[in-house]
Amino acid sequence: MSIAHTDLPERSGVARVFWASFALASVVFHIGLVFSGLVPNLVSRPVHLIFVLPWVLVYGQAGLSLVTGAVLAVLGIGVAGWVALSHDALSEQYGFLEGPGQVALAAVLIGVVLEAARRAIGWPLPVVAAAALAYGLWGQHIPGRFGHSGTPLESFLGTLTIAEGGLWGSLTAVSVNVVAIFVIFGAVLNAGEAGQGFMNVAAAAAGRLRGGAAKVSVLSSALFGSISGSASANVASTGAITLPAMDRLGYPKRIAGAVEAVASSGGQVMPPLMGAGAFVMVELTGTPYTAIMAAAALPALLYFWAVWVGIDGYARRFDLRGLAPEDRPLVRDVAITSAFFLVPFTVLLWGMFGLDVTPQYAACLAIFAGCALLLTGADLRIDLGRAAQRAELALLTAGRQVALIGSIIFCASLVIGVLGVTGLGVKITSLILSASGGMLWPSLLLTAFACLVLGMEVPTTAAYVICVSVAGPALIELGMDPLQAHLFVFWYALLSTITPPVCGAVFIASGMIGENWLRVALTAMALGVGLYLIPLGMVANPALIGLAETPVAAGLAALKIGIGLGLVSWALVRRKEIWMRGAMLGLGMGAILWPM
């Protein structure tokens, strides 16, 4: 059995050629930006939107949705094209629209972006953005401290649509210049044998251990998640193999589903991609990408360590077996298929640390290496027909995923733009400080709750961006390092992947295994306890994220927190005497939260 790569709908004939060609144009454009030197922001970012809209408004649509989507795509592409073609003249307007015609174009553009996000991810994020826009337009009528003085319509809409803020701001820069490149990288790897290589390496390393099928899920999800960056995609891909294997070996369905959901969620905290969050963090904090990878590495490993300990506890409790010898890959298969991800990853790291080029430039070199590997497979035969099919799959997957993330970021950019224009972010920061009495830990709990609530409604990256925009300044004002505050918020934006009532990874895993989602969710919360505790450990032990600067202190902090997580995880999954479990929980929490 091989990993399922994608859920792209079947296409044939003219439509197939069109979408493959459009995807190729998108890939060439985004890679070309890396090598072409400076392109004006009011050109590259609107063109990025042009490559986003058809995928989310037209691709996969039928009937009336296809007609309305096509109309909206044409309108959005027309306005975005106008911005790109008129960038010189518009830059001299300094964010102020001239005449009712430009106001109408700006309104159309914003409406199309909201609808694109709705079709891509549902109502919640567009509703949040629409509420923010309404506040910007009519917030001057709100009495008290949460009102604002009002902004002329031409200035308000202009700032959002023709200036380098709002739609064309720093978040969009991350999407077009960095995220798109790494999404293309992941699509190329997934179109080949890399996904199977991850599974084979994991099965060879952990398949024979107690609870081996579940531990294979942990390792494969950590590896696969490092390039997919999506909990849902991770569950659907690795879960297609690990869930049937666990079910066949007699694992309780709630444990099998929980293992896959929790392990797959960890892909979003695992460098290098972190679900696109790492690149957004680069822009928002000004921290180099390599420094963010170093800071995120130990917390990610601790997360998977806690999951591993929990699985081992369940394996002892239910006598869960490892994979049968016939289900484990041959050494030859492991060696061959692992090269399909080791070679591109080696090129990526060589580019960043050997050539000292930017991450996106290094990723382009890795993409070229991955494309060369599409020519062959585990059978080591050069097959041009198979390579063409894989190239088409890579293009379609890359085009669609770049558009999905782009639609989210464009919509979130509207929210960030309104916060900047109206000063609402500063007011919410002030509210958090006053509600917490100026104390750090109450502020952390308020922020965590806000991340959980918002994360139930919008994707992780968007939840992180919005939460850190309003709560980040408060945490920093209370003494947290900026990167520490951002990582704290980013981790808690992930809570909703496994926490009821909205837990996307759990819903998918429970559907695939055929178990009640709430049973899976409760088990997932026990297995994924690190998601709740590690951010607190980062705050209590700042050395944990200082691997690059103080590796010894970081290692000691990781060791202490790892012991605490092991005790907490063991206490949650093993049926021991209540006093023993209480003692383990107390000691574990003390090890995590007590400063070094």
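Two residues are in contact when heavy atoms of each lie within 4.5 Å. Keep that in mind as you look through these close-ups of a predicted model, where local features need pLDDT of at least 70, side-chain atom pairs count only at pLDDT 80 or more, and totals for chains, interfaces and linings use all residues. Residues are numbered from 1 along each chain as its sequence is written, and side-chain values use heavy atoms, with hydrogens and water left out.

**View 1. Ser264 sits in helix α12 (residues 253–265).** Helices here are DSSP runs of H or I with at least four residues, while strands are runs of E with at least two, and both are numbered from the N terminus. Ser264 is buried, with a relative accessible area of 0%. Buried means under 20% relative accessible area, exposed means over 50%, and partly exposed lies in between (1.4 Å probe, protein chains only). Which residues does Ser264 touch, leaving aside its neighbours within four places in sequence? They are Ser221, Ala231, Asn234, Val235 and Thr238.

**View 2. Helix α12 is largely enclosed by the rest of the structure, because twelve of its 13 residues are buried.** Among the buried residues are Arg254, Gly257, Glu260 and Ser265. The expected span of a helix is 1.5 Å times one less than its number of residues. For α12 this gives 18 Å, and the end C-alpha atoms are 18 Å apart, so the two agree.

**View 3. Helix α7 (residues 153–161) has buried residues Phe156, Leu157, Gly158, Leu160 and Thr161.** What covers them? The cover includes α3 (63–85), α5 (99–121), α6 (124–138) and α17 (384–422).

**View 4. Helix α8 (residues 170–191) crosses helix α13 (residues 277–285).** Two packed helices are described by the angle between their axes and the distance between the axes. Here the axes come within 9 Å and cross at roughly 145°. Axes are lines fitted to C-alpha atoms, for helices over the stretch in contact, and angles run from 0 to 180 degrees between N-to-C directions. From α8, the contact uses Ser170, Leu171, Val174, Val178, Val179 and Phe182, and from α13 it uses Phe279, Val280 and Glu283.

**View 5. Arg16 and Glu392 form a salt bridge, with their closest N and O atoms 2.7 Å apart.** A salt bridge is a side-chain nitrogen of Lys or Arg within 4 Å of a carboxyl oxygen of Asp or Glu. By this rule the count comes to 13. This pair links distant parts of the chain, with Arg16 in helix α1 (residues 13–35) and Glu392 in helix α17, 376 residues apart.

View 6. Lys253 is partly exposed at 30% relative accessible area, and Asp247 is partly exposed at 34%. Arg381 and Asp379 also meet in a salt bridge (3.2 Å, N to O). Arg381 is partly exposed at 45%, and Asp379 is partly exposed at 33%. Finally, look for the network of salt bridges that links Arg210, Lys215, Asp312 and Arg316.
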